[in-house]
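Hi,

Here is the structure I promised to send over. Have a look, and my notes follow below.

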Amino acid sequence: MTLPRLTAIPADIAAVADYEPYARERLDDNAWAYIASGAGDEITHRANRSAFDALSLSPRVLADVRGGSTALELFGQRFAHPIMIAPVAYQRLAHPDGELATVQAAAALEAGMMVSTLASCRLEDIARYAGAPLWFQLYVQPDRGFTRELVQRAEAAGYSALVVTVDAPIAGIRNREQRARFHLPQGIGAVNLQGMRTPQPTLPPGTSQVFDGLMAHAATWKDIEQLRGLTRLPLILKGILHPDDADLALAHGVNGIVISNHGGRTLDTLPASLHALPAIAERVAGRAPLLLDGGIRRGTDVIKALALGASAVLIGRPWLYGLAAAGALGVAHVLRLLRDELEVGMALTGCTRLADIGPQLIHKN
(Lines give C-alpha, C1' and ligand atoms only; values in the text may rest on other atoms or scores of the structure.)
Protein backbone atom coordinates (compact mmCIF):
# COMPACT_ATOMS: atom_id res chain seq x y z
CA MET A 1 0.00 0.00 0.00
CA THR A 2 1.35 3.42 -0.93
CA LEU A 3 1.26 6.39 1.44
CA PRO A 4 -0.47 9.73 0.70
CA ARG A 5 1.61 12.65 -0.58
CA LEU A 6 3.22 14.98 1.92
CA THR A 7 1.58 18.36 2.51
CA ALA A 8 4.53 19.74 4.49
CA ILE A 9 8.25 19.01 4.45
CA PRO A 10 9.29 16.71 7.33
CA ALA A 11 12.12 17.95 9.52
CA ASP A 12 14.30 14.95 8.65
CA ILE A 13 14.50 15.97 4.98
CA ALA A 14 17.70 18.03 5.09
CA ALA A 15 19.26 17.00 1.76
CA VAL A 16 17.90 15.98 -1.62
CA ALA A 17 18.89 12.33 -1.03
CA ASP A 18 16.45 12.24 1.89
CA TYR A 19 13.55 12.36 -0.55
CA GLU A 20 14.23 8.96 -2.07
CA PRO A 21 12.74 6.79 0.71
CA TYR A 22 9.73 9.11 0.97
CA ALA A 23 9.19 8.72 -2.79
CA ARG A 24 9.48 4.94 -2.61
CA GLU A 25 6.75 4.75 0.02
CA ARG A 26 4.39 6.69 -2.26
CA LEU A 27 4.92 4.82 -5.52
CA ASP A 28 3.88 1.33 -6.51
CA ASP A 29 6.41 -1.21 -7.79
CA ASN A 30 5.53 -0.45 -11.41
CA ALA A 31 6.22 3.29 -11.22
CA TRP A 32 9.28 2.81 -9.05
CA ALA A 33 10.84 0.39 -11.53
CA TYR A 34 10.59 3.00 -14.27
CA ILE A 35 11.77 5.99 -12.25
CA ALA A 36 14.64 4.41 -10.34
CA SER A 37 16.05 1.91 -12.83
CA GLY A 38 19.17 2.02 -14.94
CA ALA A 39 20.27 -0.14 -17.84
CA GLY A 40 21.66 -3.63 -17.35
CA ASP A 41 23.49 -4.06 -14.06
CA GLU A 42 23.17 -0.31 -13.39
CA ILE A 43 26.95 0.15 -13.31
CA THR A 44 26.80 3.48 -15.15
CA HIS A 45 23.91 4.62 -12.98
CA ARG A 46 26.07 4.12 -9.88
CA ALA A 47 29.20 5.51 -11.54
CA ASN A 48 27.52 8.86 -12.15
CA ARG A 49 27.25 9.35 -8.41
CA SER A 50 30.62 7.88 -7.40
CA ALA A 51 32.44 10.13 -9.89
CA PHE A 52 31.44 13.18 -7.86
CA ASP A 53 32.28 11.52 -4.55
CA ALA A 54 35.80 10.78 -5.78
CA LEU A 55 36.62 14.47 -6.38
CA SER A 56 37.68 16.85 -3.62
CA LEU A 57 37.50 20.64 -3.64
CA SER A 58 40.46 22.90 -2.95
CA PRO A 59 39.10 26.02 -1.21
CA ARG A 60 40.56 29.50 -0.89
CA VAL A 61 39.96 31.44 2.33
CA LEU A 62 39.57 35.07 3.39
CA ALA A 63 38.02 36.05 0.07
CA ASP A 64 35.56 38.94 -0.01
CA VAL A 65 32.44 37.39 -1.55
CA ARG A 66 29.97 40.13 -0.67
CA GLY A 67 27.53 40.74 -3.51
CA GLY A 68 28.01 37.22 -4.85
CA SER A 69 25.63 35.80 -7.43
CA THR A 70 24.77 32.49 -9.09
CA ALA A 71 23.29 34.20 -12.18
CA LEU A 72 24.35 33.31 -15.71
CA GLU A 73 23.41 33.78 -19.34
CA LEU A 74 23.02 30.96 -21.84
CA PHE A 75 22.07 31.46 -25.49
CA GLY A 76 21.04 35.02 -24.74
CA GLN A 77 18.71 33.87 -21.93
CA ARG A 78 19.07 34.95 -18.31
CA PHE A 79 19.06 32.33 -15.53
CA ALA A 80 19.10 32.95 -11.79
CA HIS A 81 21.29 29.88 -11.21
CA PRO A 82 22.87 27.03 -13.21
CA ILE A 83 20.60 24.24 -11.89
CA MET A 84 18.09 23.13 -14.53
CA ILE A 85 15.26 20.58 -14.66
CA ALA A 86 16.25 17.71 -16.93
CA PRO A 87 13.66 16.29 -19.34
CA VAL A 88 11.84 13.32 -17.82
CA ALA A 89 9.06 11.37 -19.51
CA TYR A 90 5.67 10.47 -18.05
CA GLN A 91 5.86 12.55 -14.89
CA ARG A 92 2.29 11.65 -13.99
CA LEU A 93 3.74 8.29 -12.98
CA ALA A 94 5.24 10.14 -10.01
CA HIS A 95 2.34 12.48 -9.21
CA PRO A 96 -1.14 13.06 -10.70
CA ASP A 97 -0.24 16.65 -11.63
CA GLY A 98 2.91 15.52 -13.45
CA GLU A 99 4.70 18.16 -15.48
CA LEU A 100 2.25 20.87 -14.41
CA ALA A 101 3.50 20.55 -10.82
CA THR A 102 7.12 20.47 -11.93
CA VAL A 103 6.91 23.60 -14.08
CA GLN A 104 5.19 25.55 -11.31
CA ALA A 105 7.98 24.62 -8.91
CA ALA A 106 10.59 25.54 -11.51
CA ALA A 107 8.90 28.94 -11.96
CA ALA A 108 8.88 29.57 -8.21
CA LEU A 109 12.59 28.77 -7.93
CA GLU A 110 13.56 30.48 -11.21
CA ALA A 111 14.92 27.23 -12.66
CA GLY A 112 15.14 26.56 -16.38
CA MET A 113 13.21 23.45 -17.38
CA MET A 114 13.38 21.04 -20.29
CA VAL A 115 10.09 19.40 -21.29
CA SER A 116 10.21 15.89 -22.72
CA THR A 117 8.65 14.83 -26.02
CA LEU A 118 7.20 12.01 -23.89
CA ALA A 119 5.59 14.36 -21.37
CA SER A 120 2.29 13.18 -19.94
CA CYS A 121 0.83 16.71 -20.23
CA ARG A 122 0.45 18.81 -23.39
CA LEU A 123 3.48 20.97 -24.09
CA GLU A 124 1.22 24.00 -24.54
CA ASP A 125 -0.38 23.49 -21.13
CA ILE A 126 3.02 23.22 -19.47
CA ALA A 127 4.20 26.43 -21.13
CA ARG A 128 1.36 28.43 -19.58
CA TYR A 129 2.98 28.04 -16.15
CA ALA A 130 6.56 28.83 -17.17
CA GLY A 131 8.31 31.48 -15.11
CA ALA A 132 11.84 30.86 -16.36
CA PRO A 133 13.21 29.79 -19.77
CA LEU A 134 11.49 26.64 -21.01
CA TRP A 135 13.27 24.35 -23.48
CA PHE A 136 11.72 21.55 -25.51
CA GLN A 137 13.46 18.18 -25.58
CA LEU A 138 12.93 16.42 -28.90
CA TYR A 139 13.10 12.77 -29.80
CA VAL A 140 13.26 12.62 -33.60
CA GLN A 141 10.24 10.55 -34.60
CA PRO A 142 9.99 8.02 -37.45
CA ASP A 143 7.42 10.36 -38.99
CA ARG A 144 9.68 13.31 -39.86
CA GLY A 145 6.69 15.45 -40.80
CA PHE A 146 5.27 14.98 -37.30
CA THR A 147 8.71 15.83 -35.90
CA ARG A 148 8.57 19.17 -37.71
CA GLU A 149 5.12 19.78 -36.27
CA LEU A 150 6.44 19.18 -32.75
CA VAL A 151 9.16 21.78 -33.29
CA GLN A 152 6.64 24.25 -34.65
CA ARG A 153 4.31 23.66 -31.70
CA ALA A 154 7.15 24.26 -29.25
CA GLU A 155 8.12 27.49 -30.99
CA ALA A 156 4.51 28.71 -31.04
CA ALA A 157 4.12 27.91 -27.32
CA GLY A 158 7.15 30.04 -26.41
CA TYR A 159 9.84 27.45 -25.82
CA SER A 160 13.22 29.16 -26.17
CA ALA A 161 15.57 26.30 -27.14
CA LEU A 162 15.41 22.89 -28.80
CA VAL A 163 17.22 20.03 -27.07
CA VAL A 164 17.60 16.96 -29.27
CA THR A 165 18.35 13.73 -27.43
CA VAL A 166 20.77 11.70 -29.54
CA ASP A 167 21.82 8.84 -27.27
CA ALA A 168 18.57 6.87 -27.14
CA PRO A 169 17.40 5.96 -30.67
CA ILE A 170 16.13 2.77 -29.05
CA ALA A 171 15.34 2.04 -25.42
CA GLY A 172 18.03 0.59 -23.25
CA ILE A 173 17.62 -2.86 -21.72
CA ARG A 174 16.46 -2.10 -18.18
CA ASN A 175 16.25 -5.38 -16.32
CA ARG A 176 14.64 -3.84 -13.26
CA GLU A 177 11.71 -2.73 -15.42
CA GLN A 178 11.52 -6.14 -17.08
CA ARG A 179 11.37 -7.91 -13.72
CA ALA A 180 8.58 -5.59 -12.60
CA ARG A 181 6.76 -6.01 -15.95
CA PHE A 182 6.61 -2.25 -16.30
CA HIS A 183 3.67 -0.80 -18.21
CA LEU A 184 2.11 2.63 -18.54
CA PRO A 185 -1.07 2.76 -16.45
CA GLN A 186 -4.34 3.63 -18.14
CA GLY A 187 -4.64 7.37 -18.64
CA ILE A 188 -0.90 8.06 -18.77
CA GLY A 189 0.90 8.32 -22.09
CA ALA A 190 2.85 10.49 -24.50
CA VAL A 191 0.01 12.93 -25.16
CA ASN A 192 2.12 15.12 -27.47
CA LEU A 193 2.53 12.22 -29.90
CA GLN A 194 -1.19 11.60 -30.35
CA GLY A 195 -2.13 11.38 -34.00
CA MET A 196 1.33 10.42 -35.21
CA ARG A 197 1.59 7.64 -37.76
CA THR A 198 3.90 4.89 -36.55
CA PRO A 199 5.30 2.55 -39.22
CA GLN A 200 4.80 -1.14 -38.53
CA PRO A 201 7.12 -2.88 -40.99
CA THR A 202 6.97 -6.61 -41.51
CA LEU A 203 10.52 -7.90 -41.41
CA PRO A 204 11.46 -10.78 -43.68
CA PRO A 205 13.02 -13.88 -42.12
CA GLY A 206 16.69 -13.59 -41.28
CA THR A 207 16.65 -9.82 -40.63
CA SER A 208 17.39 -8.12 -37.33
CA GLN A 209 14.62 -6.67 -35.20
CA VAL A 210 17.15 -4.10 -33.95
CA PHE A 211 19.14 -3.12 -37.06
CA ASP A 212 16.41 -3.54 -39.66
CA GLY A 213 13.42 -2.74 -37.46
CA LEU A 214 13.91 -0.46 -34.46
CA MET A 215 16.87 1.42 -35.97
CA ALA A 216 15.44 1.73 -39.48
CA HIS A 217 14.15 5.25 -38.83
CA ALA A 218 16.73 6.39 -36.24
CA ALA A 219 18.07 9.94 -36.49
CA THR A 220 21.44 10.62 -38.12
CA TRP A 221 23.59 13.70 -38.60
CA LYS A 222 21.48 14.47 -41.67
CA ASP A 223 18.49 15.01 -39.36
CA ILE A 224 20.50 17.43 -37.22
CA GLU A 225 21.37 19.37 -40.36
CA GLN A 226 17.69 19.52 -41.32
CA LEU A 227 16.63 20.61 -37.83
CA ARG A 228 19.23 23.35 -37.91
CA GLY A 229 17.60 24.65 -41.06
CA LEU A 230 14.09 24.27 -39.62
CA THR A 231 14.34 26.39 -36.48
CA ARG A 232 15.92 29.64 -35.35
CA LEU A 233 15.93 28.44 -31.75
CA PRO A 234 19.24 27.53 -30.11
CA LEU A 235 19.89 23.89 -31.00
CA ILE A 236 21.39 21.71 -28.27
CA LEU A 237 22.38 18.04 -28.52
CA LYS A 238 21.88 15.93 -25.41
CA GLY A 239 23.77 12.68 -24.98
CA ILE A 240 27.30 13.45 -26.18
CA LEU A 241 30.15 11.55 -24.48
CA HIS A 242 32.91 11.56 -27.14
CA PRO A 243 34.97 14.61 -28.18
CA ASP A 244 34.70 13.66 -31.87
CA ASP A 245 30.90 13.81 -31.63
CA ALA A 246 31.20 17.22 -29.98
CA ASP A 247 33.24 18.39 -32.97
CA LEU A 248 30.66 17.00 -35.38
CA ALA A 249 27.88 18.72 -33.48
CA LEU A 250 29.54 22.11 -33.81
CA ALA A 251 30.24 21.46 -37.49
CA HIS A 252 26.49 20.93 -37.98
CA GLY A 253 25.62 24.29 -36.44
CA VAL A 254 24.70 23.08 -32.97
CA ASN A 255 24.76 25.81 -30.32
CA GLY A 256 25.29 23.74 -27.18
CA ILE A 257 25.98 20.24 -25.86
CA VAL A 258 24.64 18.27 -22.92
CA ILE A 259 27.21 15.73 -21.76
CA SER A 260 25.04 12.85 -20.63
CA ASN A 261 24.74 9.08 -20.49
CA HIS A 262 20.95 9.36 -20.08
CA GLY A 263 21.17 8.77 -16.34
CA GLY A 264 22.65 5.34 -16.98
CA ARG A 265 19.38 4.26 -18.61
CA THR A 266 20.42 3.41 -22.19
CA LEU A 267 23.71 1.46 -22.37
CA ASP A 268 25.39 0.13 -19.27
CA THR A 269 29.14 0.50 -18.62
CA LEU A 270 29.34 3.90 -20.31
CA PRO A 271 31.61 6.35 -18.50
CA ALA A 272 30.21 8.66 -15.87
CA SER A 273 29.18 11.95 -17.43
CA LEU A 274 31.61 13.81 -15.16
CA HIS A 275 34.49 11.66 -16.42
CA ALA A 276 33.63 12.51 -20.04
CA LEU A 277 33.43 16.25 -19.38
CA PRO A 278 37.12 17.31 -19.30
CA ALA A 279 38.06 15.85 -22.69
CA ILE A 280 35.01 17.39 -24.36
CA ALA A 281 35.64 20.74 -22.68
CA GLU A 282 39.22 20.68 -23.97
CA ARG A 283 38.08 19.86 -27.51
CA VAL A 284 35.25 22.42 -27.61
CA ALA A 285 37.54 25.07 -26.09
CA GLY A 286 34.78 27.55 -25.33
CA ARG A 287 33.14 27.44 -28.78
CA ALA A 288 29.77 26.45 -27.26
CA PRO A 289 28.28 26.08 -23.78
CA LEU A 290 28.50 22.64 -22.20
CA LEU A 291 25.87 21.32 -19.80
CA LEU A 292 26.08 18.13 -17.78
CA ASP A 293 23.69 15.71 -16.15
CA GLY A 294 23.99 12.48 -14.20
CA GLY A 295 24.62 11.92 -10.50
CA ILE A 296 24.21 15.45 -9.12
CA ARG A 297 22.92 15.36 -5.54
CA ARG A 298 24.71 18.25 -3.84
CA GLY A 299 25.55 21.88 -4.43
CA THR A 300 29.20 20.88 -4.28
CA ASP A 301 28.53 18.58 -7.25
CA VAL A 302 27.41 21.63 -9.22
CA ILE A 303 30.68 23.36 -8.33
CA LYS A 304 32.71 20.33 -9.45
CA ALA A 305 30.90 20.16 -12.79
CA LEU A 306 31.43 23.87 -13.43
CA ALA A 307 35.08 23.62 -12.37
CA LEU A 308 35.65 20.94 -15.03
CA GLY A 309 34.09 22.98 -17.83
CA ALA A 310 30.29 22.90 -17.61
CA SER A 311 28.25 26.09 -17.77
CA ALA A 312 25.18 24.57 -16.09
CA VAL A 313 23.85 21.25 -14.86
CA LEU A 314 20.65 19.24 -15.24
CA ILE A 315 19.07 17.26 -12.45
CA GLY A 316 16.58 14.45 -12.90
CA ARG A 317 15.89 11.84 -10.24
CA PRO A 318 16.34 14.18 -7.22
CA TRP A 319 13.42 16.45 -8.12
CA LEU A 320 11.44 13.48 -9.44
CA TYR A 321 11.64 11.94 -5.97
CA GLY A 322 10.53 15.29 -4.58
CA LEU A 323 7.60 15.28 -7.00
CA ALA A 324 6.57 11.78 -5.96
CA ALA A 325 6.78 12.65 -2.27
CA ALA A 326 5.21 16.09 -2.17
CA GLY A 327 4.24 17.34 -5.62
CA ALA A 328 5.26 20.87 -6.58
CA LEU A 329 6.29 21.56 -2.98
CA GLY A 330 8.82 18.72 -3.10
CA VAL A 331 10.28 19.80 -6.44
CA ALA A 332 10.66 23.38 -5.21
CA HIS A 333 12.32 22.20 -2.01
CA VAL A 334 14.84 20.09 -3.92
CA LEU A 335 15.77 23.09 -6.07
CA ARG A 336 16.02 25.32 -3.00
CA LEU A 337 18.30 22.86 -1.20
CA LEU A 338 20.65 22.60 -4.17
CA ARG A 339 20.82 26.35 -4.73
CA ASP A 340 21.46 27.00 -1.04
CA GLU A 341 24.25 24.41 -1.05
CA LEU A 342 25.71 25.94 -4.20
CA GLU A 343 25.83 29.40 -2.62
CA VAL A 344 27.40 28.08 0.58
CA GLY A 345 29.93 26.10 -1.47
CA MET A 346 30.84 29.14 -3.53
CA ALA A 347 31.26 31.27 -0.42
CA LEU A 348 33.48 28.68 1.25
CA THR A 349 35.69 28.22 -1.82
CA GLY A 350 36.11 31.97 -2.33
CA CYS A 351 33.93 32.33 -5.46
CA THR A 352 31.80 35.44 -5.93
CA ARG A 353 30.54 34.59 -9.41
CA LEU A 354 30.15 31.40 -11.41
CA ALA A 355 33.01 32.62 -13.60
CA ASP A 356 35.29 32.29 -10.56
CA ILE A 357 34.72 28.52 -10.52
CA GLY A 358 37.49 26.84 -12.46
CA PRO A 359 39.89 23.88 -12.44
CA GLN A 360 41.87 25.46 -9.61
CA LEU A 361 39.07 24.37 -7.27
CA ILE A 362 39.65 20.67 -7.93
CA HIS A 363 42.11 19.22 -5.46
CA LYS A 364 45.07 17.50 -7.08
CA ASN A 365 45.99 14.31 -5.24
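Two strands count as paired if DSSP finds at least two bridges between them; helices (H or I, at least four residues) and strands (E, at least two) are DSSP runs, numbered from the N terminus. This is a predicted model, where local features need pLDDT of at least 70, side-chain atom pairs count only at pLDDT 80 or more, and totals for chains, interfaces and linings use all residues. Residues are numbered from 1 along each chain as its sequence is written, and side-chain values use heavy atoms, with hydrogens and water left out.

Let's start with β10 (residues 312–315). Strand β3 (residues 83–85) pairs with β10 in the parallel sense over three bridges, with Met84 opposite Leu314. β9 (290–293) is also parallel to β10, again over three bridges, and there Leu291 has Ala312 as its bridge partner. Together with helix α12 (residues 299–307), β9 and β10 form a right-handed β-α-β unit (with the strands pointing away from the viewer, the path from the first strand over the helix to the second runs clockwise).

As for the side chains of β10, Ala312 and Leu314 point one way, Val313 and Ile315 the other, and all are buried (under 20% relative accessible area; exposed is over 50%, partly exposed in between, with a 1.4 Å probe and protein chains only). In a regular strand, side chains alternate between the two faces of the sheet.

His262, not a glycine, has a positive phi of about 65°; its loop runs between β8 (256–259) and α11 (273–284). Ala285 also has a positive phi, near 50°, and lies in the loop between α11 and β9.

Buried or exposed, these two? His262 is buried because its relative accessible area is 15%, whereas Ala285 counts as exposed at 59%.

Cheers
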